[in-house]
Amino acid sequence: MAANTYKKVPKEEKVKEKKPRKSAGRQEEVRERFYHDRRFQLASGLFLMLVSFLLLVAFFSYLFTGKDDQSVVPHVFDNSVHESGREVKNWLGIMGAFLGNVFILQWFGLASFLFVPLLFQYGFKIVFQRYLMPMNIFLPFFFFTLLWFSSTMGYLVLQLEGDDFLSFLSGKIGYEMALSLENIIGIGTPVLLFFSLLAFIIYYFNITNIALPKWAGVSSGLANDKEKVLLEEEEEDELVMTEVEEGLEDLEILEEDEEVELEEEEEELEEEEELEEEILEEEELEEELLDLPITPINRITPGDLSLVIEETPEPTIGEDNPFVEQKKEIFEFDPTLDLSSYKYPTLELLTEYEVPKVSVSKEELEANKDRIVETLSNYKIGISSIKATIGPTVTLYEIVPDAGIRISKIKSLEDDIALNLAALGIRIIAPIPGKGTIGIEVPNKKKEMVSVRSVFSSEKFQKGEMDLPVVFGKTISNEIFTVDLTTLPHLLMAGATGQGKSVGINIIIASLLYKKHPSQLKFVMVDPKKVELSLYNKIERHFLAKLPDSADAIITDSKKVVFTLNSLCIEMDQRYSLLTKASVRHLKEYNKKFVERKLNPNDGHRFLPYIVVIIDELADLMMQAGKEIETPIARLAQLARAIGIHLVVATQRPSVNVITGIIKANFPARLSFKVMSKIDSRTILDAGGADQLIGKGDMLFSHGSDLVRIQCAFIDTGEAERIVDFISEQRGYSEAYNLPEYEGDESGQEANGNFSYSDRDGLFEEAARLVVMHQQGSTSLIQRKMKLGYNRAGRIMDQLEASGIVGSSNGSKVRDVLITDEMSLEQLLNRLSGKD
């Protein structure tokens with residue numbers, strides 16, 4: 001029926017129909033480009049900021065000139081602009097008087113001043129790409145204060161009947177709201193207004209406890225220990241006096257009653273302990289049952305030589321919010337309380353691609369099977385069975401050769417099989433670890449894109465209990481591949497330009513951002529190319545760590561990289577000292593003790609977040625700094641695992657002068673995208689195969705003896721930006737996580753004491769007075785107060801040491817100041833200069 005009703009349209013009519021669609025599409029494209037043009041955005045943002053300033057001037061002027069302009073504004077549009085302008089007294093003329101009249105008199109009264117920061121906030125966001133104050137905090141305050149303040153002022157104006165001009169306090173809307181409340185609840189209006197303010201304060205500031213005054217007679221759970229002791233002593237004194245008065249008979253009765261009560265309490269405690277043991281046993285049984293694996297397999301056997309096609313089912317998609325908070329006891333320390341309102345990124349920030357599941361046809365599988373069998377039979381290699389496992393981009397053919405066939409003979413036929421299959425990226429795994437088969441990986445003609453949303457929404461990632469979970473993508477058996485960075489413990493990455501290395505780094509960062517709270521994780525990001533990691537600058541106050549007084553959290557200068565890596569070594573040494581004091585072996589045990597309040601902060605103990613160091617391009621750093629970079633990296637890789645510092649080092653040139661033997665020996669986990677030669681593959685993986693990959697996120701992951709082929713999940717720049725914006729708009733810490741101060745020896749001779757006063761820095765004496773006045777021998781203090789660069793401040797500090805004003809360097813701690821007052825300093829300076 002459908003074929004009969006089809007009407008053929010002449011070519012000319014078709015052309016006429018399509019033209020408007022194309023022009024409409026072009027107009028839409030031009031409009032979209034215009035709105036996304038950064039110049040338009042900057043102009044719009046600056047305009048909003050200007051409007052907010054003009055509103056402030058107009059509103060402020062209206063407070064003084066509004067009464068005089070009130071009779072003029074209603075007739076502004078009746079008279080000429082010139083005549084009206086002469087009569088208006090507002091500082092912004094007719095426009096200022098009109099805006100003041102509308103916003104203040106007609107709308108919300110004095111509460112209209114809140115529109116000024118609202119417009120400025122939006123303009124600032126457009127210009128500088130960040131909010132002055134997170135909108136989820138500002139907007140509730142704005143709307144509540146606007147309505148509450150105007151209503152309260154309206155009620156005040158309502159009570160002061162007779163003066164019409166006081167209506168500017170509330171505006172017409174505020175007055176009408178107050179009048180409605182007055183008509184509904186009468187004198188209950190101020191009570192309702194006060195209660196609404198109290199309720200807003202409780203919710204807005206997250207108030208969960210209200211302490212009772214001492215005279216209320218109710219004991220608080222947070223009572224002072226000294227007060228408890230005094231109360232107990234008073235009760236004991238009263239009991240003694242009572243016993244003396246009542247005599248020995250009453251004393252015996254009291255002792256018997258106390259014994260009975262003690263016995264009853266002991267019985268209750270025993271019953272509670274037995275009940276808790278039963279509950280724990282039940283929970284352990286449930287966890288053992290949940291850990292039982294379930295692996296369904298579907299097999300098809302076509303052809304004379306049976307080809308078994310093994311497909312792994314898609315992982316179960318869980319709920320959108322996978323992050324279930326762990327239950328915490330009330331008495332435990334909660335490191336997340338500083339940012340208790342922090343919300344984890346949601347899956348809605350990620351693009352949901354409508355990607356059809358990869359389907360390799362039966363004909364393609366049979367054709368590949370026949371060519372493999374034919375190629376092997378040409379070299380007199382027989383096969384007893386063959387099985388296929390379909391992955392997103394690659395299909396794995398597992399073969400079992402006849403008895404007596406040497407594996408090395410099959411391995412040497414890699415190029416011949418690739419020639420017969422007319423396919424790139426053929427890789428032979430001989431044998432497959434843990435199986436008695438030989439694997440031949442053949443790329444699919446139709447490849448499936450693995451989206452980041454599909455792997456983040458998987459149950460394996462959502463409900464996994466890893467300390468630092470990283471999800472890379474899907475294996476050739478279509479399984480989600482997830483690793484725990486703490487068990488690697490460091491990762492070395494390589495890949496030629498355009499093969500997916502930057503996407504892999506973004507996947508690692510996004511995985512950790514989705515699973516960890518800002519109090520639990522910090523990043524140190526090194527980006528010599530200056531463009532790959534710059535978008536993460538926005539989350540500086542949430543997740544980034546940097547040197548004290550450093551301007552940028554993303555490190556791009558090679559000298560600062562050296563300082564930062566050495567600062568991390570100092571951090572590592574400090575953490576090991578804390579672990580030694582706490583008598584624990586690694587970070588997880590230490591933080592557990594601290595959370596359980598078994599470690600005293602007065603002894604220097606603190607909650608230690610994980611630190612993940614991301615180095616995007618090692619080759620450039622090695623070329624500029626060499627040993628200065630290699631030494632701290634090797635030291636961190638050797639020792640930092642136990643104290644929660646983990647390295648992710650990437651390079652696009654995996655040559656032996658970049659990935660040196662010292663670095664390579666301390667990075668057991670390797671990840672390689674497609675590289676250009678077998679030599680590069682062996683350098684990064686200690687095995688071939690990376691040169692045979694097909695690109696576009698196809699990668700090999702090596703850890704120990706395992707070598708796994710993975711299709712890396714794809715995350716585009718827009719998705720990464722949405723994640724960063726979601727986090728940056730929330731309240732963060734006051735500053736980035738500060739690493740210990742590291743003082744490099746820039747000058748060379750001052751530290752050895754060979755210092756001539758005539759060669760001193762021009763700001764030497766000013767710096768000396770500053771240090772003595774603050775009694776703090778810190779290079780960062782000189783930098784901050786005198787606005788100097790780090791190198792010059794370091795040289796001045798060395799000169800102060802050589803002059804005997806400050807002591808020697810003491811690691812991450814500030815130097816001791818040896819001069820106690822300014823008079824002694826002046827005497828020393830005169831003596832050094834030869835005046836005295």
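pLDDT is the predictor's confidence in each residue, on a scale from 0 to 100. Colour the chain by it to start: the average is 80, and 78% of the residues score at least 70.

Before you click further, note that this is a predicted model, where local features need pLDDT of at least 70, side-chain atom pairs count only at pLDDT 80 or more, and totals for chains, interfaces and linings use all residues. Numbering runs from 1 along each chain as its sequence is written, and side-chain values use heavy atoms, with hydrogens and water left out.

Next, select residues 217–226. pLDDT stays under 50 here, and the model has 3 contacts (heavy atoms within 4.5 Å) beyond four places in sequence for this stretch. Then try residues 246–254, also under 50, with 2 such contacts.

Now show 38–69 and 93–108, helices α2 and α4. Helices here are DSSP runs of H or I, at least four residues, numbered from the N terminus. Their axes lie 8 Å apart, at an angle of about 85 degrees, which makes α2 roughly perpendicular to α4 (65 to 115 degrees). Axes are lines fitted to C-alpha atoms over the stretch in contact, and angles run from 0 to 180 degrees between N-to-C directions.

Show side chains at this contact: α2 brings L55, A58, F59, Y62 and D69, while the α4 residues include F103, I104 and L105.

Last stop, cysteines: C569 is buried (under 20% relative accessible area) at 6%, and C712 is buried at 6% too. How many disulfides (cysteine sulfur pairs within 2.5 Å) does a search of the whole structure find? It finds 0.

Terms used
Helices (H or I, at least four residues) and strands (E, at least two) are DSSP runs, numbered from the N terminus. Angles under 35 degrees count as roughly parallel, over 145 as roughly antiparallel, 65 to 115 as roughly perpendicular and the rest as oblique. A disulfide is a pair of cysteine sulfur atoms within 2.5 Å. Buried means under 20% relative accessible area, exposed over 50%, partly exposed in between (1.4 Å probe, protein chains only).
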